[in-house]
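Please read them with the structure open.

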Amino acid sequence: MSVQTIYILLVDDDELLLKALSRSLNRLYEHIIIVCLQHPEDLENCISEQGEPDIILCEEQLISQSGHDVLSRAKALCPCAIRCLFSANAQKEYQWLVDNTIHFHLIKPFTHAHLKQVIENTLLLKALPLDKITRVKLGQIPGLPCLTASVSELLEALEEHTPNMNKLVEMLNHDPMLVSKLLQIANSAFMGYQSITSDVKDAVVRIGFVALKALITCYETSHLFINKLQQSKIESVIESALQKALMAKSLSHYLKQDSKLQQNLFACCLLSAVGVLTKECVLESSKNINSVSCYALSAYLLTLWGFESELVRAQLVNDVPEQSELSLTLLHAIVEQLTLNKTFDLTPDLQAHLLAFGQLEVILVWYDSL
């Protein structure tokens, strides 16, 4: 695999801070090109001369103008760039994120871990098989959903090496609707358990942390669109994604895939609801950007929200990679087709993939057994 070079544009009128930040970034990633801009009014000339950056890191409190205004101009000049704002003000964060002027708000004092996350997410976005037109549209869409601080905190708790179960249960119990859906999944016949549970901790153990993270993300997204779409429609989208995820769990178990792949497949199917809801609520009235697929939207948002590369890549079911084994993307694409068509009717491309693995007849037998 070829090494990806990242071009970062730093915007700050403090020369010392620019030098310090440059040194920090060079330590975090070897293949990096850094351009420093002390005069934000020269942004357009800088981009014209140096090319479009992959990342723009900009200070909010500039002498001549606000960093938010600089990034707003950058959104039009180089929409594919990841836009990051340095600021000590947390009060406007949600507003900045919602209008999609910025992708990341790094609250001072930020750490190397925050910068590393921006770099890793940018590398993942660059590696996704999205054409330039789609990338431009994604970078310019207004009104994209963003996770609230409380949900981000819960997701971060799930990312810990050994998540604190008691703390998780306490946080989950603040949302009775989420707990209800968690118990519904844990008690589903597709999960394979013989007994019924009403214990939240037991339910978390049954579905796993990866699936729980996906469930929390989907429900948070649905809450964000509560005033833009009928409740019945939102519930229908979530329920469809859940049924697809349960079907995927059944398929991966039937194919004797390991527990990690089973959890990841369940999660990526459930997370597909993020793109469907966003397309319904944000793009439906925007003729210029309505051509962006729900699959690309899911991959884009999940990347910005820090999801694992495997789950992000598996959202792009219309671009199944050639691999020597059954991939997460391929299995997701199969379940997506079966769910949409409501019959065993796969595209010729998917059938060719399965024939190459000798799995077409096997999956047909599984489908007939449902």
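**Notes on the predicted model**

1. Leu10 stands opposite Leu57, a residue of β3. The two strands concerned are β1, residues 6-11, and β3, residues 55-59, which run parallel and are joined by 4 bridges. Please keep in mind throughout that the model is predicted.

2. The sheet that holds this pair is open and has 5 strands, in the order β2-β1-β3-β4-β5, with parallel pairing. Its edges are β2 (32-37) and β5 (104-107); each has a single partner strand, so one side of each is left without a neighbour in the sheet. On average, neighbouring strands are turned by 20° against each other, direction ignored.

3. Which strands does helix α2 lie across? The helix, residues 43-50, lies across β1 and β2, and runs at about 150° to β2.

4. From α2, the contact is made by Leu43, Glu44 and Ile47, and from α3 by Val70, Arg73, Ala74 and Leu77. Sorted by class, these residues are 5 nonpolar, no polar and 2 charged. The crossing of α2 past α3 is right-handed.

5. On the α7 side the contact is made by Glu153, Leu154, Ala157 and Leu158, and on the α8 side by Leu168, Met171 and Leu172. The contact of α7 with α8 divides into 6 nonpolar residues, no polar ones and 1 charged. Here α7 passes α8 in a left-handed crossing.

6. Lys256 has a phi near 60°, a positive value in a residue other than glycine. Lys256 sits in the loop between α12 (231-254) and α13 (259-283). Its relative accessibility is 73%, so Lys256 counts as exposed, the cut-off being over 50%.

7. The other is Lys342, with a positive phi of about 55° although the residue is not a glycine. Where does Lys342 lie? Its place is the loop between α16 (328-341) and α17 (348-357). At 69% relative accessibility, Lys342 counts as exposed.

8. Is Val362 buried, exposed or partly exposed? Val362 belongs to helix α18, residues 360-369. With a relative accessible area of 31%, Val362 is partly exposed, because that class lies between under 20% for buried and over 50% for exposed. Leaving aside neighbours within four places in sequence, Val362 is in contact with Tyr254 and Leu255. The C-alpha atoms of Val362 and Gln263 are separated by 21 Å, and the two residues are 99 apart along the chain.

Key:
Residues numbered from 1 in each chain as written. Predicted model: local features only at pLDDT ≥ 70, side-chain atom pairs only at ≥ 80, totals over all residues. Heavy atoms only, no water. Buried < 20%, exposed > 50% of the residue type's maximum accessible area, 1.4 Å probe, protein only. Contact = heavy atoms within 4.5 Å. Pairing = 2+ DSSP bridges. Axes fitted to C-alpha atoms, helices over the stretch in contact; angles between N-to-C directions. Left-handed = near helix turned anticlockwise from the far one by under 90°. Nonpolar A, V, L, I, M, F, W, Y, C, P; charged D, E, K, R; others polar.
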